[in-house]
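I opened the model to check a few points of packing and backbone geometry. My notes follow in the order I took them.

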Amino acid sequence: MRQARLERHTGETDIVLDFTIDGEGVSELETGVPFLTHMLDLFTKHGHFNLTVDAKGDIEVDDHHTTEDIGICLGTALKEALGDKKGIKRYGSAFVPMDETLAQVVVDLSNRPHLEFRAEFPSQKVGTFDTELVHEFLWKLALEARMNLHVIVHYGQNTHHIIEAIFKALARALDEATTIDERVKGVPSTKGML
């Protein structure tokens, strides 16, 4: 089973996270950050993952530390759950429309972390959530999962729709990249390792 469980305890957050790649789209989420909870729920559903998060953070300050540290934990769990990466497709891409918005996410589980983020948000907040935290979350996810992550929003006007399309496209791209392909012998790299 491609699964990982980890705990992260700092002066700012306490997080227990359990992630399963080959899941049923089931999530149990306690983040203290309602909009992030919504995004992680749909990420889990559309990626056919299982995700449990129990996070307590200093949200009385703001949502930054909690959002960032959940990104760190999810990226680390994804890397651990993938193990040696033998047999995976490695690359994944998805276009997702959300009403007036079209988002594209492309990933490479290359062991070379990079985030390319081509998105602008019309609003600085969705509810109480600072939209700049989307970049923070995705950068920490890419860094700890050690993957190339390219996010391109082709167009959109509603900030909620834009972010939701990004998370759904991320889920679908990762679902494709983590899929086992019986044609792949060993790891999908001419170097013989990822």
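**Helix pair H2 and H3**

I listed the contacts between two helices to begin with. From H2, residues His 64, Thr 67, Glu 68, Ile 70, Gly 71, Ile 72, Leu 74, Gly 75, Thr 76, Leu 78 and Lys 79 meet Leu 133, Glu 136, Phe 137, Lys 140, Leu 141, Glu 144 and Ala 145 of H3. I keep in mind that this is a predicted model.

Next I looked up the geometry of the pair. H2 spans residues 64–82 and H3 spans residues 132–145. Their axes are 7 Å apart, and the packing angle is about 25 degrees.

**Positive phi**

I then went through the backbone angles. Most residues other than glycine have a negative phi. I found Lys 85 with a positive phi of about 65 degrees, and it is not a glycine. Lys 85 sits in the loop between H2 and strand E5 (91–98). Is Lys 85 buried or exposed? I read a relative accessible area of 4% for Lys 85, so I put it down as buried.

Arg 146 went into my list too, with a positive phi of about 55 degrees, again not a glycine. I placed Arg 146 in the loop between H3 and strand E10 (148–155). Arg 146 has 30% relative accessibility, so I count it as partly exposed.

**Ser 110**

Which residues does Ser 110 contact, leaving aside neighbours within four places in sequence? I found Arg 90, Arg 146, Met 147, Asn 148 and Leu 194. Ser 110 itself belongs to the loop between strand E6 (101–108) and strand E7 (114–118). Its relative accessible area is 4%, so I mark Ser 110 as buried. I also checked its side chain. A polar atom there lies 3.1 Å from the backbone nitrogen of Arg 112.

**Nonpolar core**

Last, I looked at the largest nonpolar core, which has 60 residues. Which members touch the most other members? I wrote down Phe 19, Leu 138, Met 147 and Leu 149. Helix H4 (residues 159–178) gives this core its largest share, 11 residues.

I followed up Leu 149. Not counting residues up to four places away in sequence, Leu 149 touches Val 105, Val 106, Val 107, His 114, Leu 115, Glu 116, Leu 138, Ala 142 and Leu 170. Met 147 was already in my notes as a contact of Ser 110.

How values were computed
Residues are numbered from 1 along each chain as its sequence is written. This is a predicted model: local features need pLDDT of at least 70, side-chain atom pairs count only at pLDDT 80 or more; totals for chains, interfaces and linings use all residues. Side-chain values use heavy atoms; hydrogens and water are left out. A nonpolar core is a set of buried Ala, Val, Leu, Ile, Met, Phe, Trp, Tyr and Cys residues joined through side-chain atoms within 4.5 Å. Buried means under 20% relative accessible area, exposed over 50%, partly exposed in between (1.4 Å probe, protein chains only). Helices (H or I, at least four residues) and strands (E, at least two) are DSSP runs, numbered from the N terminus. Contact means heavy atoms within 4.5 Å. A polar contact is a pair of N or O atoms within 3.5 Å; within protein, one must be able to donate a hydrogen and the other to accept it, and residues adjacent in sequence count only if both atoms are side-chain atoms. Axes are lines fitted to C-alpha atoms, for helices over the stretch in contact, and angles run from 0 to 180 degrees between N-to-C directions.
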